[in-house]
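Please read the following points alongside the sequence and the coordinates.

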Amino acid sequence: MSAEKATTSEQIAIGVAHSKLILIGEHAVVHGQPAIALPFPLVGVESVIDYAPGKVKIDSTFYHGPIDAAPESLEGIVNCIKATLNHLHLPCEDMLIRIKSSIPPGKGLGSSASVAIAVIKSLFSYFDRGYTEEELLELANISETYAHGVPSGIDTMTITSESPVWYEKEQPIELINPKGDFHFIVADSGRVGDTRLAVESVASLFKSAPRRIQAKLDRIGELTHRARNALESASKHLLGQMLNEAQKELEALGVSDAGLNRLIYFARQEGALGAKLTGGGNGGCIIALARNEVHSRQLAEKLKKFGAHAVWPFVLRRKSEKL
């Protein structure tokens, strides 16, 4: 893997990272099934490092002060910063790390992974060091372990990609090249989800009813394979059908709640080809597939009026064009 370097100046360095969302495969991916994730460039993170004498300090929406006094909610990023400096054989001192994020946390959009990647990039940049993709992912997963317990790795992989990602545990990552344009709307329920808790609840269900839950996970895996075929054959209607079928299984797993279902059913009622939760569930966001660009704009407006906390229409284009 070739080393990548970021822009740096004498006393300041910047690292940026976009967001991600899971198209299909949530929860099943933790149990060995595939998932498809999309880079989501409409929200992201910027980490800016300035020289500041003394202990390393963090300046963010949630906390301002020395990293050793940071709240438990920032434990993952604190350990990520320390691990990165240790990896670079550098002391943990004389820096102010300012983290600016437009990614709402707890919404399944990869907030924790995006923050980690932006911070790691800024640290390498500040010390004028190059990094490989493997280094970036390994260090970011330190933060993800605190956020999600046993992370699948899909967040960090997609946030460093410009193409849709096909992810299976312990298998080489594959990039998907969509053959057509797919118009999506992401709508925020306004409620924070807890991915770690949702993952643990599915694991607990699996222990109590292994055959029944395995069948659900296998079904999501099958739907994910068919969703990939739909992307690679520009079949919007098939993709929409797969999203709807996956939502049924996620509801059966207990990770979709009334607030998400309300937005999902409304999107379908207003002509969405498919709609489902995206991310851990029980709060967070939904993703809906519109018929075309005009319908995407109309559906986004209707979801906003219906009560979605925030709405982001975006288009996934074939590889020759930009997301």
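1. Is Asp94 buried, partly exposed or exposed? The model is a predicted one, and in it Asp94 has a relative accessible area of 24%, which means that this residue counts as partly exposed, since the buried class ends under 20%. Asp94 belongs to strand β5, which covers residues 93-101, and its phi is near 60 degrees, a positive value in a residue other than glycine.

2. Glu170 also calls for a look at the backbone, for its phi is positive, at about 60 degrees, although the residue is not a glycine. Glu170 is placed in the loop between β6 (165-167) and β7 (174-175), and with a relative accessible area of 81% it is exposed, the cut-off for that class being over 50%.

3. On the surface, a nonpolar patch is formed by Ile12, Ile14 and Val16, which together have about 220 Å² of accessible area. Of these residues, Ile12 lies in strand β1 (residues 12-24) and is partly exposed, its relative accessible area being 31%.

4. The last point is the pairing of helix α8 (residues 258-269) with helix α9 (residues 293-306), which pack at an angle of about 140 degrees while their axes are 11 Å apart. The crossing in which α8 passes α9 is right-handed. On the α8 side the contact is made by Arg262, Leu263, Phe266 and Ala267, and these meet Leu299, Lys302, Leu303 and Phe306 of α9.

Note on methods:
Residues numbered from 1 in each chain as written. Predicted model: local features only at pLDDT ≥ 70, side-chain atom pairs only at ≥ 80, totals over all residues. Heavy atoms only, no water. Helix = DSSP H or I, 4+ residues; strand = E, 2+ residues; numbered from the N terminus. Buried < 20%, exposed > 50% of the residue type's maximum accessible area, 1.4 Å probe, protein only. Patch = residues over 30% accessible without salt bridge, like charges linked within 9 Å, V, L, I, M, F, W, Y side chains within 5 Å. Areas by Shrake-Rupley, 256 points an atom, 1.4 Å probe, with all protein chains shown as cover. Salt bridge = Lys/Arg side-chain N within 4 Å of Asp/Glu carboxyl O. Axes fitted to C-alpha atoms, helices over the stretch in contact; angles between N-to-C directions. Left-handed = near helix turned anticlockwise from the far one by under 90°. Contact = heavy atoms within 4.5 Å.
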